[in-house]
Amino acid sequence: MFRVHRENHYFCVQIHNLTDKAMRHLSERLNRLAPSATLAMSQKSGEMKAQGIDVINMSVGEPDFNTPEHIKAAAAQAIAENYSKYSPVPGYLSLRQAIVDKLKRENGLDYRVEEVLVSNGAKQSVCNVVQALVNEGDEVVIPVPYWVSYPQMVKLADGVPVFVETGFEHNFKMKPEQLEAAITPKTRMLILCSPCNPTGSVYSKKELEALAEVVLRHENLYVVSDEIYEHINYIGGHASMAAVKGMRDRTIVVNGVSKAYAMTGWRIGYIAAPEWIVKGCNKLQGQYTSGACSVSQKAAEAAYTQGQECVEEMRKAFEKRRDLIVGLLREIPGLEVNKPEGAFYVFPKCSAFFGKSDGERVVNNATDLALYLLEEAHVATVSGDAFGDPACFRMSYATNETQITEAVRRIAVALMKLK
Ligand SMILES: Cc1ncc(COP(=O)(O)O)c(C=O)c1O
C-alpha cells in the first residue's frame, strides 16, 4: 500500500510557543498555522552571529548573488519616471506581455495577457490560487517532501493537505499510482514543485505525462505547477505541466523572478492560468494587497525582456557548487546524499545518526541533528521535519565555495563525534 496521510484540519491546532493570551485572542485560523521553520532557523543563526559566533548559514532559500546591474538600472529609471502610483491589480500590461512572451519563447506555451496575474512573489501567487479554488474540507495532494508553505496555505483555506510520501530511494518523485491512490471525490488540487524545494528533484516531460494521465481522469482536479526554480536546472530542458497534452486548462503555472534573477527582495511572482482562475485571483488580490510594487514590476520587465546571460552565469555557478557539496557530503560516513538535478538545495538522509550521542547530548531525530549542527558545528541547516520528511535535513548551497567547503568540514567533525 502507498503511504497517504490526511491531516484532519479540525484537530491540527498547533501550539507554537504561543502565550495564553495569544492562544485565546488570536483567531483559530492563525493558531492552526505553523511558523516558517526555514525563517526560524535563519533567525536563530542570525542571533548567534550577532553574538559574534562565526555561523555559516546554509538554511536560506535565496541566491547569494546581487540583482544584475541592468535590472537595477531599469528600476532606477522607473523611479525617475515616476512609477510611483498604484499599478493595475493584475500588473502592468507591459510586464504581463513580457511574461506571455517568455512563456512562448522558453516553454512553448500560448497565453494571453488576460491569463496572467502578477503578485507579490510566487508565494502570494500560490496562496491566491489555493484561496481561490479550495473550499472547506477539500483535499489537496502534496508530495512529500514539500515546500514548507504549501500545507499551511491549504490549512489557511480550511482545506485538508493529503501527503504522499515519495522517498529518498525514488529520488523523491511521486509515481502516478501513488497519485491515483491519494485521490478521493474531495480532491481538488495537486501541488507539484519541479525543480523541487527541498530535494532538487526535477520531473521529466515523460514523468509529467504519466501524472497528467491520472489528473485527466478526474475532472475537478487542478495542478498548481510551481516552477520558481525553472532556470536552476542541471539536466537541461525544463518541462512544464501546462505543456503536457490536455493539461493547459487544468494547470496553474506559478513562476517569478526571485530565484532565476536573484530578485528575492523585489517580490514579483505570477500565475499563468485559464482566465476564470486569473479573474478569481484578481478579485482576491484586489481586496487584499492590490497590484505588486510598481518599481519592482518595471525591474521584472527588464529581467524578462533584456539579455538572459546572467541567468546562465548563475546557473553554472550553482551547478559547480552542487558538484562540490555533493562530493564532499558523500565522503561523510553515515550520510546518504541525493544528487539534486535542480534548485540550490541538497537533502541528505541522516537517520543513521538517530539514537547516537555526543556526551550528554542525544540526537533522536532530524530536528535534534539540525540543532546539534548549529550549536556544535556552527552551521545552520533545516530539519527535514519542516518539509514532512523527518529522516533528512536540508542544506542550501546558495553560498560561496569556501563557505561550502568549511561548512561540510565542520559537519563532518561534529557527526564523527556522535557515537
Ligand atoms: C518552492 C517555492 N515556491 C515559491 C517560493 C516563493 O518565491 P517568491 O520569492 O517568488 O515568493 C519559494 C521561495 O522560497 C519556493 O522555494
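Q: What lies over the face of Tyr203?
A: In this predicted model, Lys173 lies over the face of Tyr203, at 6.0 Å from the ring centre; a charge sits over a ring if NZ of Lys or CZ of Arg is within 6 Å of the ring centre and within 35 degrees of the ring normal. Residues are numbered from 1 along each chain as its sequence is written, and side-chain values use heavy atoms, with hydrogens and water left out. Because the model is predicted, local features need pLDDT of at least 70 and side-chain atom pairs count only at pLDDT 80 or more, while totals for chains, interfaces and linings use all residues.

Q: And which ring has the charged end of Lys298 over it?
A: That is the ring of Tyr92, with the charged end of Lys298 5.8 Å from its centre.

Q: Switching to aromatic pairs, how many are there in the whole structure?
A: A search finds 14 aromatic pairs, where rings of Phe, Tyr and Trp (its six-membered ring) pair if their centres lie within 6.5 Å, and planes under 30 degrees apart count as stacked, over 60 as edge-to-face and the rest as tilted. Among them, Tyr83 and Tyr92 have ring centres 5.5 Å apart and planes at 85 degrees, so this pair is edge-to-face.

Q: Is Tyr92 buried or exposed?
A: Tyr92 counts as buried, at 14% relative accessibility, whereas Tyr83 is partly exposed at 26%; buried means under 20% relative accessible area, exposed over 50%, and partly exposed in between (1.4 Å probe, protein chains only).

Q: Which residues do ring pairs link into a cluster?
A: The cluster holds Phe65, Tyr229, Phe318, Phe344 and Tyr345.
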